[in-house]
Amino acid sequence: MTGTHQPYAGTSVARTEDADLLAGEGRFVADLAGDARQVVFVRSTEPHARVLDIDVAAARAVPGVLGVHTARDLGLDGRALPSLTTPNPAFVEATSFSMAEQRLPLLATDRVHYVGQPVAVVVAIDRYAAEDAAELVEIAYQPLDPLLDPEHALTAEPLFDHLPDNELARIGYSFGDPATAFARAHRVVEGEYRMGRHGAVPLEARGVLARPDRRLDRVEVTTSTQIPHLVRDSIRSVTGWAEHEIRVRVPDVGGGFGTKANVYAEEIVLAVLARRTGLDLAWIEDRGEHLTAAAQGRDQLHRTRLAVDERGHILAWSDDFLVDAGAGSLWIAGIVANTAVHALGPYRVPSATIRGRAALTNKTIMAQYRGAGRPEAAFALERSLDAAAAELGIEPREIRERNLLTDADLPYPRPIPYRDGVPISYDGADYRACLRAVNDLLPATTAEELTAEHPDALVGYGLGCYLEATARGPYETARLRVLDDGRIEVLTGAASAGQGHATVFVQVAADALGLAMDRVRYLPSDTGELPDGIGTFASRSAVVAGSAVHEGALRLLERGRARAAATLPGDGPVDYVDGGFVRAGHRIGWAALARSTRVGGDAEATALDVTCVFRPETVTWTMGAHAAIVAVDRRTGFVSVLRYAVAHEGGRELNPRIVRGQILGGVAQGIGGTLLERFGYDDSGQPVSSTLAAYHLPLTTDVPPIDVAHLHVDSPGNPIGARGAGESGTIAAYPAISAAIDDALGRPGLVTTTPVDTAALWRALRDEPAEVAR
Amino acid sequence: MKPAEFGYLRPGSVTEALESLADQPEAKPLAGGQSLLTLMNLRLARPQTLLDLGGLAELERTFDDTDALVLGALTRHRTLETDPLIAERAPLLAAMAGQIGHVGVRNRGTLGGSLAHADPAAELPMAMLTLGATVHVESAARGKRSLPAEDLFLSFFTTSLEYDELITWVSVPTIKPRQGWGFREYARQHGDYGLVGAACLLTLDNAGRIAGLRVGLLNAADRPLLHDERDGTADALGEPPSRRLWERLARSLADRTEPSHPDVEYARGLCADALVEALDAATARIPGGTRP
């Protein structure tokens, strides 16, 4: 390609989405519902109970109600949410991974397993009537003891009749010679680290619109999801419908963060119900539902041992973890495997024993919340490194300097495969450089400077490192076609939940085709336009879908060149210059080529339309270091994050401002998870965080200035050199902030649990020597 | 999160509102709606009829009486916070109003609504106790009556108002010479409810000794708490203000609280600290109050 095109990739092109979104012109699922009938789900009020009877007679009699349905009358009795993934055999072999078969019903019939579980469904002319009727559905429960403690659950009576116990998944691997290393170590530090249950809580809750088209014998589902193709596949799996009978489209989505990278019973029930009733149906989740019934995250306990030598070099690492998966998780394999794989961190770890289990309990179902095992693993390892440093009397920074992988180590193979079965090899350049860069951005001396500005607080500094496998396969798709005016239309299987796909994928396509961005149109994900795809999660879209767009654009270019060669006078090679094909002084552009494929053209009925599948060989790794400065109020134990910095070894930044936005948002969610957010349950299993007055999200006033340094190392694993960054901001926030709190209080190892309990800090403050406490 | 069905009335005058209340015992007055509408959307409140007071412009006025400000029940929190007259004559009230929620809440929430709602964690009920305000109520059947603020709050979200009574006006004593005020609330996040909160109104005599002390505590019981010379602060009378005295007093009052927070020791500890801060601030606001 020749010409004057200046690449867009690498520049912070303004997001094309934002003008509409900021003007309130976004089109979210609720905006598209129009006059669709409103659906409300009747949900379990019991954490664990037998269902003896469901009486819908009174509900059906409410004026404005069009129907009240249970699993039985929808033909869904016994139908469960289909599983989404099959673990890779090589990974299973290497890690002894196993998991139980889950049968979470679409609508509960005999037994309920968490408060918020869908039991029945009401269709009405509006949401008011539907809620009135939902109150009148009488469900006779025989309460059963709820299981709320995952350790206890492992030995308790099974929650599901088809299972022998409540172990949902198990994993374990070991390498090196941990036994000898622990026996001979200079020091072994033991720890117990808990990360509480919290989740994404996106600005827009879930929502589904299902419109039956009798003429086409098809249901069109518009759902606020990150994974439209998996939603379609799950609906098909339950119903047996042909692919052409169901089309799933993605509207504007107001945040997903993994909560919407899940297939929900509500999505399947809406599709079934729409086809059955012939009605356009909308279910728009309200905040109360979202905080009880949408899939949650984290909730892990790690028991650790770290063996080090005199200088703090890691000799062996042991992490035995337990995930409280609630009543189930379609992604339990991902959560457990992510935790186990990321347990090793960005360090030289010669021996390790990693074991993990997931337990079923009577809490809400779980999804892959931003990081999905990575933050939990990083919390355990980073906190253990801090504990070892304190034990040895060296600085937290020093112990990391001594253990981080450098250019002398990398690429660094690990003796286990990744989840895709490919042997792990960290593909970075120099992880120690990130630690040094974050220290340049935010040195520990800044904490001392801030002390004077915060006389009522103790100020501390903390570090955390992470390593993140990004851009997992097995593939992603892109479709590009030439429109009649010569514009190129692009869409991918990786649906946007607000990340900026309409900007970034257009940048990538425009660069590959040497076109101005306004010559490329982005089409939101739609299974009707692109039949295969996977979705947006696991820091994968920019890399995997971006690569599919890139390769698809190059293929389209070759198609165009072949077409031009057949059309342009002369012979010899056809050049592509400034968005047009040239030979012997003659030029033809995309619009003319497109016309030549239409009726009467010399290539009649041969569309310039390519679908490209990009299959990464395996994941590509993003490493980074976080630094936090916090103030702990001397009177209250309240924690404020004063400054924050992230330095990460990412790949080529397609749009630096969007990458930066990913980091900032990730840090904000990390702050929330570390300090504020908790899905609580009382002793009877009732959720106690069902309003935003009780579930505390971080506010703008809780998020400090954040500096970001990008250390560019092209990824070898894809044609655009990108690495994922979607979870980078979140993963190390928990240990960095916790370490800063320890440092402020001069109490290494104090924080072992998130969200941080301010009462515990208050007690620690009162134990202080008098001169420190003023 | 949609309310159950309700009827709706919008009276044009206080008289009309009182008649409606008398006729419809199940009607619930709606003022700013910042608590009631949320409770209705959660279906925790199910009034048969809402009596929307939004049209009663007469209750949005403020009068400057000799020793008191007379505030209409529909005075918005934002007005309490920003009105220069209120800031000058009842600075504690202005400071406390500024701590309520976020500005959007303060633009709509009203003084009378907050008092009638009687949330023990709310700022304005505690402010009324601390300032010794008088609440004026009216009913169609019995006309007007006035009661001291401390007689209004009975328990969680429960007042001594009769079903047919409406809070119409509130008289707030204005600040006197030799009086200082203090207010401190510890909230985890901007705009959040205070985990604890304390306010005080301190009067010193010409010799610099304590001549009067009223203390209010929020989120400390099933209702906002008042401690005055009749209950809890008498020992301080005649003493000069000192940090030691404040700490002793704060500790003894905090120990009597019954906070809703699950960690009672923590909540009481914070309550004592907040009160010490409020008392220090009050002392410093009186000329000569803090001795070098």
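Trainee: What makes the pairing of the side chains of A:S715 and A:T620 a polar contact?

Mentor: This is a predicted model, and in it the two side chains are joined at 2.7 Å. The cut-off for a pair of N or O atoms is 3.5 Å, so 2.7 Å for A:S715 and A:T620 qualifies as a polar contact.

Trainee: Where is A:S715 found?

Mentor: A:S715 sits in the loop between β29 (706–710) and α20 (728–731) of chain A. Leaving out residues up to four places away in sequence, A:S715 touches A:D427, A:T620, A:G721, A:A722 and A:R723.

Trainee: Why does A:S715 count as buried?

Mentor: Its relative accessibility is 5%. Buried means under 20%, so A:S715 counts as buried.

Trainee: Is A:C434 buried or exposed?

Mentor: A:C434 has 0% relative accessibility. The limit for buried is under 20%, so A:C434 counts as buried.

Trainee: What about B:C271: which cysteine sulfur is nearest?

Mentor: That of B:C200, at 12 Å. With the cut-off at 2.5 Å, B:C271 is in no disulfide. B:C271 has 4% relative accessibility and therefore counts as buried.

Trainee: Now the two chains. What makes A:R635 and B:E277 a salt bridge?

Mentor: Their closest N and O atoms are 3.3 Å apart. The rule asks for a side-chain nitrogen of Lys or Arg within 4 Å of a carboxyl oxygen of Asp or Glu, so A:R635 and B:E277 form a salt bridge. Between chain A and chain B the count is eight salt bridges.

Trainee: Which elements give two or more residues to the side of chain A that touches chain B?

Mentor: They are α5 (127–136), α10 (287–293), α19 (656–676) and α22 (758–766) of chain A. The residues of that side of chain A divide into ten nonpolar, six polar and ten charged.

Trainee: How many residues are in contact between chain A and chain B?

Mentor: 26 residues of chain A are in contact with 22 residues of chain B. The area buried between the two chains is about 2,200 Å², with 51% given by carbon and sulfur atoms. A:Y128, A:R635 and A:F638 supply 26% of the area that chain A buries against chain B, more than any other three residues.

Note on methods:
Residues are numbered from 1 along each chain as its sequence is written. Chains are lettered from A and ligands numbered from 1 in the order in which they are written. This is a predicted model: local features need pLDDT of at least 70, side-chain atom pairs count only at pLDDT 80 or more; totals for chains, interfaces and linings use all residues. Side-chain values use heavy atoms; hydrogens and water are left out. Contact means heavy atoms within 4.5 Å. Buried area is the accessible area (1.4 Å probe) that two parts lose on being put together, summed over both. Helices (H or I, at least four residues) and strands (E, at least two) are DSSP runs, numbered from the N terminus. Ala, Val, Leu, Ile, Met, Phe, Trp, Tyr, Cys and Pro count as nonpolar, Asp, Glu, Lys and Arg as charged, and the others, Gly among them, as polar. Buried means under 20% relative accessible area, exposed over 50%, partly exposed in between (1.4 Å probe, protein chains only). A polar contact is a pair of N or O atoms within 3.5 Å; within protein, one must be able to donate a hydrogen and the other to accept it, and residues adjacent in sequence count only if both atoms are side-chain atoms.
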